[in-house]
Protein chains: 2
Amino acid sequence: LSLIDRPHCEQRDTDDPLRLCRDRFSLPNGIVYLDGNSLGPLPKTAPGAVRQTVEAEWGEGLISSWNDARWVDLPARAGDLLAPLIGAHPGEVVFGDSTSVSLFKLAAALLASSGKRTKIVSETGNFPTDTYILEGLVRLLGDRHDLIRPPMDEVEAAIDDETALVVLTHVNYRSGAMYPMAKITALCRSKGIPLIWDLCHSAGAVPLDLAGDGVEYAIGCGYKYLNGGPGAPAFTYIRASSQAAFDPVLTGWFSHARPFAFEPDYDPHPSIAKALVGTPPVIALAGLIEGLKTFEDVDTGAIRAKSLALSDLFMALVDQELSGHGFEIVTPRGADKRGSQVSLVHDEGYAIMQYLIARGFIGDYREPGLLRFGLTPLFVRFADVWDCIACLRNAMQTGAWDTPKYRARKAVT
Amino acid sequence: LSLIDRPHCEQRDTDDPLRLCRDRFSLPNGIVYLDGNSLGPLPKTAPGAVRQTVEAEWGEGLISSWNDARWVDLPARAGDLLAPLIGAHPGEVVFGDSTSVSLFKLAAALLASSGKRTKIVSETGNFPTDTYILEGLVRLLGDRHDLIRPPMDEVEAAIDDETALVVLTHVNYRSGAMYPMAKITALCRSKGIPLIWDLCHSAGAVPLDLAGDGVEYAIGCGYKYLNGGPGAPAFTYIRASSQAAFDPVLTGWFSHARPFAFEPDYDPHPSIAKALVGTPPVIALAGLIEGLKTFEDVDTGAIRAKSLALSDLFMALVDQELSGHGFEIVTPRGADKRGSQVSLVHDEGYAIMQYLIARGFIGDYREPGLLRFGLTPLFVRFADVWDCIACLRNAMQTGAWDTPKYRARKAVT
């Protein structure tokens with residue numbers, strides 16, 4: 001088995017069918033950005049689109065822009081741009097609110113019509129905001145439900161005839177491990193259990209076929225792989241055939257059938273707009289739409305192929321260059337079992353990550369000991385992976401990471 | 001009684017202590033903007049602040065801007081900028097989410113701890129999204145509560161010992177009529193009833209003394225009088241002395257005591273941050289903060305004095321110039337009974353408003369027959385009021401408003 005070297009990585013960049021996509025982003029010089037799974041980078045068209053919305057539409061058009069600039073259509077327009085990336089149809093996705101609120105609005109509505117079943121199944125390693133939201137909802141409903149959080153490999157066994165709702169994050173934010181979506185969706189549907197997929201670490205990173213897999217409900221983040229900007233609105237997906245039965249409980253005026261009639265009583269919109277709540281965040285949506293456009297004319301199969309190739313390379317280089325330095329790869333090796341990130345564990349992970357960041361290799365750190373590297377196919381290069389591992393190897397060989405500067409904790413990591 | 005003429009109005013503009021505030025906004029040439037109660041105009045500093053956030057903080061700083069640009073502080077920083085305008089203290093206000101979601105999070109938490117009382121008192125003329133949200137919440141909680149919506153003048157009598165929650169909009173969005181905040185707050189507190197004030201049409205328009213009036217809970221809009229931009233986040237106020245007892249149910253990760261520790265179980269933040277939910281909308285908050293800064297160094301008493309003077313002038317000119325043309329003023333005449341808008345009713349209100357808009361006088365229309373004119377003291381001039389009424393008088397005298405063009409309905413008005 002021959003060793004991998006930098007020329008090999010450069011050649012793979014030359015051969016990469018997605019190599020031109022990198023030009024769709026404004027990336028600062030001198031950094032290798034491996035945190036697109038936490039905050040996607042700035043699309044080159046976003047500043048202009050935001051400026052147009054702020055200066056022309058708001059500044060000049062003022063209130064008339066609700067009609068003239070079609071602000072009123074932005075949530076569904078963004079949703080329709082996302083739809084092909086996740087295997088959804090037009091009219092099945094809208095953007096608005098945060099991921100947390102979006103999960104609440106689906107979970108609350110589904111529990112309100114769940115009858116006598118009282119068990120809610122999630123996962124012990126789920127992203128915390130998802131379990132916090134479910135805990136709050138259970139309390140609001142009078143502590144009549146049991147929230148069960150088994151480990152990932154015991155989730156399927158926990159789904160039974162007492163289950164009122166299942167909420168799972170498709171790709172784990174820490175390990176990058178991925179659930180078999182079709183299998184679990186089929187299991188839930190066979191038992192008549194509503195299932196919400198959290199796609200925060202999937203949408204834009206792994207191919208999704210919500211239509212083919214029979215998914216009814218999903219939510220996901222706009223600011224990670226979708227490159228929508230910091231705090232961008234999240235999306236809500238409701239399968240077309242499930243929309244009529246969906247009875248919203250977070251019933252703000254933008255979910256009303258006739259919001260601008262200002263009617264005294266609530267009547268849900270017949271479309272996916274029933275998943276909206278309040279006035280759409282216009283400026284944020286303008287930025288988000290440019291993030292979604294970075295996927296224009298990109299085949300989702302090519303995204304997945306490069307994502308797997310980048311992470312295979314990353315793991316191979318960890319094996320080749322970093323053995324004996326105390327790293328463990330926690331991301332599953334199997335291609336069907338992981339998303340688009342590689343996570344390492346190291347006892348000194350925090351300081352090591354701060355060293356990398358200071359050298360321009362931007363990953364992130366999660367307690368305890370987890371170094372996360374997002375391998376986002378639209379802009380990460382094979383040579384970037386080489387350079388990152390080379391920097392890491394050098395740090396471990398010289399001990400340069402082990403200084404008070406890199407051990408000092410920041411508020412947000 | 002001498003007639004009011006345009007030179008009189010011009011003189012009042014010359015004497016206006018707030019006349020220089022108009023320069024804080026980018027207002028298009030050739031229009032008189034009387035819809036700041038629906039969407040405030042663009043502050044001159046907003047494009048630069050948004051550009052800085054998008055291009056430098058997002059584009060260059062990427063994920064590190066959560067620390068380095070203090071994105072994490074934006075919701076509370078915006079809240080502290082608003083506090084003096086509404087008579088709140090620092091640490092009592094945060095911005096995030098929409099008005100609808102903000103109302104839900106307060107109402108849900110307060111009902112969850114309301115014990116056996118089952119009556120919710122609102123108002124028949126309340127802004128629809130408020131009653132929709134309450135309807136949805138009642139349904140989520142199993143239809144155990146009765147939502148009562150008496151007319152404005154019967155609300156006080158409806159508040160009794162069976163009342164679990166009161167939700168009132170301080171200034172009515174249609175008529176501009178204003179509740180006596182101190183009196184109703186005292187009534188509710190004497191009975192131990194939580195009361196949420198919706199300040200959408202108050203904050204930035206009428207002086208508020210939440211501290212002095214004993215208000216415990218309030219929410220309000222960022223994009224109307226506060227000039228925060230289309231779909232700007234709303235604010236949530238919880239009195240400092242009521243924060244410890246407030247137990248959130250919309251428990252997203254940004255309301256957690258240690259959001260970046262990613263702990264498995266929920267523990268509410270000890271501060272007003274417990275009223276946050278998901279990741280803050282960073283770009284929207286950057287614009288909003290510039291809207292809040294348009295009030296810098298402006299005395300709230302001077303705002304109120306000019307607001308009343310503008311609306312007194314408007315109503316006097318309706319009497320003087322428009323009598324016999326079928327208009328009725330529905331805004332209360334008493335200075336302590338109205339906000340910062342004047343509303344007229346006319347059988348042909350829709351077409352008349354479209355005529356005005358086409359002539360550059362931007363008000364808005366609400367069914368049935370209501371013409372709304374926002375009189376926002378930071379940029380509306382006394383001569384603007386004269387010109388608007390003169391245009392209206394001319395339209396009525398010539399019948400120029402009565403064409404198919406102005407009768408044609410738009411999607412959003």
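Select A:R51 and B:E55. They form a salt bridge across the two chains, with the closest N and O atoms 3.8 Å apart. The model is predicted, so read every contact on this tour as a feature of that prediction. The rule finds 6 salt bridges across the interface of chain A and chain B. Over all chains, the count comes to 52.

Next, select A:R139 and B:D247. Here the closest N and O atoms of the salt bridge are 3.2 Å apart. A:R139 sits in helix 6 of chain A, and B:D247 sits in the loop between helix 9 (240–243) and helix 10 (282–293) of chain B, so this pair joins two chains.

**The interface**

Now show both chains together. On chain A, 80 residues are in contact with 80 residues of chain B. The buried area is about 6900 Å², and carbon and sulfur atoms give 68% of that. Highlight A:W58, A:Y132 and A:F262. These residues supply 12% of the area that chain A buries against chain B, more than any other three residues.

Then color chain A by element. By residue class, the side of chain A that touches chain B divides into 47 nonpolar, 20 polar and 13 charged.

**The seven-stranded sheet**

An open sheet of 7 strands has the order 4-10-9-8-7-5-6, with mixed pairing. Look at the edges: strand 4 (93–96) and strand 6 (146–148) each have a single partner strand, so one side of each is left without a neighbour in the sheet. From one strand to the next, the twist averages 20 degrees.

Zoom in on strand 7 (163–169) and strand 8 (195–198) of chain A. They pair in the parallel sense over 4 bridges. Pick A:V166; its bridge partner in strand 8 is A:L195.

**The four-stranded sheet**

Move along chain A to an open sheet of 4 strands, in the order 11-12-15-14, with antiparallel pairing. Strand 11 (328–329) and strand 14 (364–366) stand at its edges, each with a single partner strand, so one side of each lacks a neighbour in the sheet. Strand 14 is joined to strand 15 (370–374) by 3 bridges, and the two run antiparallel. Select A:R366 to find its bridge partner in strand 15, A:L370. Helix 11 (300–321) of chain A packs on this sheet, touching strand 11, strand 12 (341–345) and strand 15; its direction makes about 25 degrees with that of strand 12.

**Backbone stops**

Most residues other than glycine have a negative phi, and most peptide bonds are trans.

- A:E367 to A:P368: a cis peptide bond, omega about -15 degrees. A:P368 is in the loop between strand 14 and strand 15 of chain A.
- B:E367 to B:P368: also cis, with omega near -15 degrees. B:P368 lies in the loop between strand 14 (364–366) and strand 15 (370–374) of chain B.
- A:N227: a positive phi, near 60 degrees. Find A:N227 in the loop between strand 9 (217–220) and strand 10 (234–238) of chain A.

Note on methods:
Residues numbered from 1 in each chain as written. Chains lettered and ligands numbered in written order. Predicted model: local features only at pLDDT ≥ 70, side-chain atom pairs only at ≥ 80, totals over all residues. Heavy atoms only, no water. Contact = heavy atoms within 4.5 Å. Buried area = accessible area lost by both parts, 1.4 Å probe. Salt bridge = Lys/Arg side-chain N within 4 Å of Asp/Glu carboxyl O. Nonpolar A, V, L, I, M, F, W, Y, C, P; charged D, E, K, R; others polar. Pairing = 2+ DSSP bridges. Axes fitted to C-alpha atoms, helices over the stretch in contact; angles between N-to-C directions.
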